[in-house]
Amino acid sequence: MTDKTLPPGLHRDTLAVRAALPPSQYGEHSEALYLTSGFVQPDAETAARRFASIGDGYTYGRTSNPTVTAFEQRLAALEGTEAAIGASTGMGAILLMGMGLLKAGDHVICSRSMFGSTINLFAKEFAKFGVQTSFVSQTDVAEWRAAVRPSTRLLFAETPTNPLTDVCDIRALADIAHDAGAVLAVDNCFCSPALQRPTELGADLVIHSGTKYLDGQGRVMAGAICGPARLIVDVFAPVVRTAGMTLAPFNAWVVLKGMETLGIRMQAQSANALAFARWLETHPRVSRVYYPGLASHPQHELAMRQQSGQGGAVVSFDVRGQDAQTARANAFHVIDSTRVVSIAANLGDTKTIITHPATTSHGRLSEDQRQAAGIGQGLIRVAVGLEHIEDIKADLLRGLDTLA
Ligand SMILES: *Cc1c(COP(=O)(O)O)cnc(C)c1O
């Protein structure tokens, strides 16, 4: 038989479609979906050995499953990390990271502009267990450094942020974390490994919501942590086995297949988003556009360096209005005038999604918190998909051109 193990040094595009477990004895071309909660052991001796360690054969679905392993291997190959571990959702992955790394008395530094549930998880849930979190500026590196304490164990950032696309300097934060003897984790949902690989810039861990661009078609929930084997295997895998935030095999399989088209989707959706953002900048009813691919973006150069020269697929913009109430009515008019794009709260889909952050994703914040985050009533976020760019523009123009 010829040797069919993958040679080293393959390009990421190749790994995105090829990295996986070897096929079963049937030689299936598309990776198999193993829907089983348990695994039959050949004998008691082998069973005893497998139950005593993780990663030596399969025992029970809460611990691991071959389809989940295939997903983990492909994602690790794309991020360029030694290993990865699946979790039930993106938030499940962040919970897993916290449970694995932190204990009572530990301190965390987080960007103030993180995903809303991430802020709640650290500020409310982990706080109950004696973990303290300082929330600092997304872009002011000095604020991160000043927040370091002897008990700081973890720095956690997300770039670009939702919905204003603020970009932080991953390498600078990695230096601060390592000087403090702490770990830097980066939530890489918005760029995905197709555009940004945080560990190449010094980050220790990468967090994913597989629900977003990795699946790319809005079908399932999934999450993962990518990083060195000593953390994934020795620290996080035992927590998954004990606590059960396990990734379902069906969801792992859907995202595994989604990753095969990740590279071309991100390229095409970023190109659509750039064209859309440039066009929005010229519209008289739009006062400001937030998109890292625009020269007007405050961290444009950093973003281009960090994100493979691409802005990603999320564009936000402010609709004009003389006060908050008018701005909100105008934003609602633009959103409600669309007939092609979807009004929804998620992102990372091939279908374009439009949302009003102030009343949806950020609706539970107080007006003061929203002001501090820069999320006004006229702000609209568009997660640009794969429809023809002229159809997306025309859909937005319906509302923009008919504002009172
Ligand atoms: C959606 C999202 C998450 C959470 O992922 P789920 O799969 O919804 O749990 C975390 N971080 C970012 C940046 C996200 O966009």
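In this predicted model, an N or O atom in the side chain of Lys212 sits 2.7 Å from an oxygen atom of the ligand, a polar contact in the sense of a pair of N or O atoms within 3.5 Å. Thr211 also uses an N or O atom of its side chain, again 2.7 Å from a ligand oxygen, while Gly90 brings in a backbone N or O atom at 2.9 Å from an oxygen atom of the ligand. On its own the ligand exposes 380 Å², and the protein buries 93% of that (Shrake-Rupley areas, 1.4 Å probe).

The ligand has 13 residues around it, with Gly90, Asp187, Ser209, Thr211 and Lys212 coming nearest; a residue counts as near if one of its heavy atoms lies within 4 Å. Sorted by class, this shell holds six nonpolar, four polar and three charged residues, with Gly counted as polar.

Now for the helix packing. Two packed helices are described by the angle and the distance between their axes. For H3 (residues 66-79) and H10 (residues 249-258), the axes come within 8 Å and cross at roughly 35°; these axes are lines fitted to C-alpha atoms over the stretch in contact, with angles running from 0 to 180 degrees between N-to-C directions. Helices here are DSSP runs (H or I, at least four residues), numbered from the N terminus. On the H3 side the contact (heavy atoms within 4.5 Å) involves Thr67, Val68, Ala70, Phe71 and Arg74, and on the H10 side Pro249, Ala252, Trp253, Val255 and Leu256. By class, that makes eight nonpolar residues, one polar and one charged.

Residues are numbered from 1 along each chain as its sequence is written, and side-chain values use heavy atoms, leaving out hydrogens and water. Local features need pLDDT of at least 70 and side-chain atom pairs count only at pLDDT 80 or more, whereas totals for chains, interfaces and linings use all residues.

Notes:
A polar contact is a pair of N or O atoms within 3.5 Å; within protein, one must be able to donate a hydrogen and the other to accept it, and residues adjacent in sequence count only if both atoms are side-chain atoms. Helices (H or I, at least four residues) and strands (E, at least two) are DSSP runs, numbered from the N terminus.
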